[in-house]
Amino acid sequence: MDYRTVTTIVTDTKYSHVSLEAAKAIATQHDAHLDVMCLGIDRSQQGFYYAGASAMVVQDNLAQARDDAMELEAWARNFLAPHPLPWSASAMTAQMVALNGAIAHRARFADLVVMPRPYGTGRDHDAEAIVEAALFDGNVPVLVMPDDATYPNTVKNVVVAWNESAEALRAVRQGLPFLKQAENVSIAVIDPPQHGPERSDPGGALSQLLARHGVRAEVSVLAKTMPRISDILNRHARDREADMVIMGAYGHSRFRESILGGATRHMLEVAEVPIVLAH
């Protein structure tokens with residue numbers, strides 16, 4: 001497997017700049033086509049207006065969404081024009097109620113979707129909804145770029161978060177192009193269960209799978225010395241000077257993570273390096 005189509009979805013010029021830069025770099029490194037979706041969103045909620053106003057308000061909001069999408073397309077085309085890689089940029093609009101379907105329709109034909117961090121100051125709910133739509137409805141891996149991060153010219157060090165889950169294994173398989181590119185891969189196993197199938201050799205089967213793909217990986221068994229898994233992963237990524245972290249996404253339900261928190265949400269909030277997610 002290799003990445004032949006890299007997609008990014010831009011909804012603004014402030015937070016989408018870092019993900020567009022990263023998507024361009026990844027497409028260049030993997031000789032892939034870059035597809036830029038310039039999305040204008042109608043955030044109105046029908047049913048909250050006085051009688052007779054809904055049609056007029058919807059029309060105005062859709063017109064504004066189209067204008068936003070066209071401005072974003074012009075911005076993306078201006079950004080990509082000097083670069084020789086194959087790319088396309090197209091404007092599209094969607095209402096919030098139909099956002100998942102619109103994203104899934106395009107994202108499912110990509111090998112990788114690159115997005116900015118969905119949580120933080122100034123983020124709207126649609127940022128989170130777009131990432132989740134690509135993961136769940138588009139069934140495609142998503143690389144999330146932290147704010148002010150720079151995608152490396154060469155991916156040398158990668159940390160894999162391993163907990164034996166189906167999500168983690170899917171993330172590893174879909175992240176193989178990055179793993180094959182890396183010089184050093186660390187499989188991070190945090191507080192492995194004493195009675196699990198890998199109790200005698202945590203991460204051993206995954207290390208063997210990767211070795212057969214030409215990826216040399218070492219296993220790091222980490223104690224849970226901090227309350228949050230995300231804090232331990234971040235510390236390990238710093239210690240390894242990692243260029244990215246690969247991990248499964250939303251082992252618990254999205255509702256539970258949105259209310260109670262979880263490793264996926266915490267990592268997206270505090271990540272210091274790019275994260276590759278798969279569900």
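**Exercise 1. How much space lies in the second largest pocket, and which residues lie nearest its centre?**

Solution. Start with the volume: the second largest pocket holds about 250 Å³ of space. Keep in mind that this model is predicted. Next, look at the lining, which is made up of 20 residues. Thr11, Asp12, Arg43, Asp124 and Asp126 are the ones nearest the centre. Then sort the lining by class: nine residues are nonpolar, four are polar and seven are charged. Finally, find the elements behind it: strand S2 (33-42), helix H2 (54-80), strand S4 (112-116) and H4 each give the lining at least two residues.

**Exercise 2. At roughly what angle do the axes of H3 and H4 cross, and which residues meet?**

Solution. Find helix H3 at residues 99-107 and helix H4 at residues 125-137; their axes come within 8 Å and cross at roughly 50°. The two helices are therefore oblique to each other. Their crossing is right-handed. Now list the partners: Leu99, Asn100, Ile103, Ala104 and Ala107 of H3 meet Asp126, Ala129, Ile130, Ala133, Ala134 and Asp137 of H4. Sorted by class, this contact has eight nonpolar residues, one polar and two charged.

**Exercise 3. How do H8 and H10 pack: at what angle, and with which hand?**

Solution. Helix H8 spans residues 229-239 and helix H10 spans residues 263-270; they pack at about 50°, with axes 8 Å apart. That angle makes H8 oblique to H10. The crossing is right-handed. On the H8 side, Ile229, Ser230, Leu233 and Asn234 meet Ala263, His266, Met267 and Val270 of H10. Count by class to finish: five nonpolar, three polar and no charged residues.

Methods:
Residues are numbered from 1 along each chain as its sequence is written. This is a predicted model: local features need pLDDT of at least 70, side-chain atom pairs count only at pLDDT 80 or more; totals for chains, interfaces and linings use all residues. Side-chain values use heavy atoms; hydrogens and water are left out. Axes are lines fitted to C-alpha atoms, for helices over the stretch in contact, and angles run from 0 to 180 degrees between N-to-C directions. Helices (H or I, at least four residues) and strands (E, at least two) are DSSP runs, numbered from the N terminus. Angles under 35 degrees count as roughly parallel, over 145 as roughly antiparallel, 65 to 115 as roughly perpendicular and the rest as oblique. A crossing is left-handed if the near helix is turned anticlockwise from the far one by less than a right angle, and right-handed if clockwise. Contact means heavy atoms within 4.5 Å. Ala, Val, Leu, Ile, Met, Phe, Trp, Tyr, Cys and Pro count as nonpolar, Asp, Glu, Lys and Arg as charged, and the others, Gly among them, as polar. On a 1 Å grid over the protein atoms alone, a cavity is a set of points where a 1.4 Å probe fits but cannot get out, and a pocket is an open set with protein on both sides within 12 Å along at least five of seven lines; lining residues have an atom within 4 Å of a point. Grid points are joined across faces, edges and corners, and a volume is the space filled by probe spheres set on the points.
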